[in-house]
Amino acid sequence: MLRLKSCPKCRGDLIIDRDMYGWYEQCIQCGYLHPLEPLPKIEQPAMEEHKKELVKVGAGASGRGGRPRTPRSNKHDED
Ligand SMILES: [Zn+2]
């Protein structure tokens, strides 16, 4: 395999070959050598857990004025 004009140094031609260590690309013109990754790394976006815990607890779910009013009947019929 050959990559034309891909050398970062001299814009020469890179030949891609592999040896016992793996793949590499080497410039024919200047001898630039660059090891290649066996597989291109695909960066996966980190799946961050979006925890939206918007739980508002408290402040009486029964509404305002918790006290039930007991109507006093203090009226004593005075004789
Ligand atoms: Zn080169």
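Among contacts in the protein chain between residues at least 6 apart in sequence, what percentage join residues at least 24 apart?

1. The answer to that opening question is 2%, where two residues are in contact if their C-beta atoms, placed from the backbone, lie within 7 Å. Please keep in mind that this is a predicted model, in which local features need pLDDT of at least 70 and side-chain atom pairs count only at pLDDT 80 or more, while totals for chains, interfaces and linings use all residues. Residues are numbered from 1 along each chain as its sequence is written.

2. The protein chain has zero helices and four strands, and from the N terminus on its elements run β-β-β-β. Helices (H or I, at least four residues) and strands (E, at least two) are DSSP runs, numbered from the N terminus.

3. The four strands form an open, antiparallel sheet in the order β1-β2-β3-β4, with β1 (2-3) and β4 (33-35) as the edge strands, each pairing on one side only. Two strands pair if DSSP finds at least two bridges between them.

4. Strands β2 and β3 run antiparallel and are joined by six bridges, and they form a hairpin with two residues between them. Within this pair, Ile16 stands opposite Glu25 in β3.

5. Strand β3 (residues 22-27) is also joined to β4, by three bridges and again in antiparallel fashion. Tyr24 has Pro35 as its bridge partner in β4, whereas the bridge partner of Glu25 in β4 is His34. The hairpin of β3 and β4 has five residues between the strands, and in this hairpin Gly31 takes a positive phi near 85°.

6. Leaving aside neighbours within four places in sequence, Leu14 is in contact with Arg3, Ser6, Cys7, Glu25, Gln26 and Cys27. Buried residues make up 4% of the 79 residues in the protein chain.

7. Arg11, by contrast, lies in the loop between β1 and β2, and Arg11 counts as exposed because it has 12 C-beta neighbours inside 10 Å. The C-alpha atoms of Arg11 and Cys27, 16 residues apart along the chain, are separated by 8.8 Å.

Definitions and conventions
A residue is buried if 20 or more other C-beta atoms lie within 10 Å of its own, exposed if 12 or fewer, and partly exposed in between; C-beta atoms are placed from the backbone.
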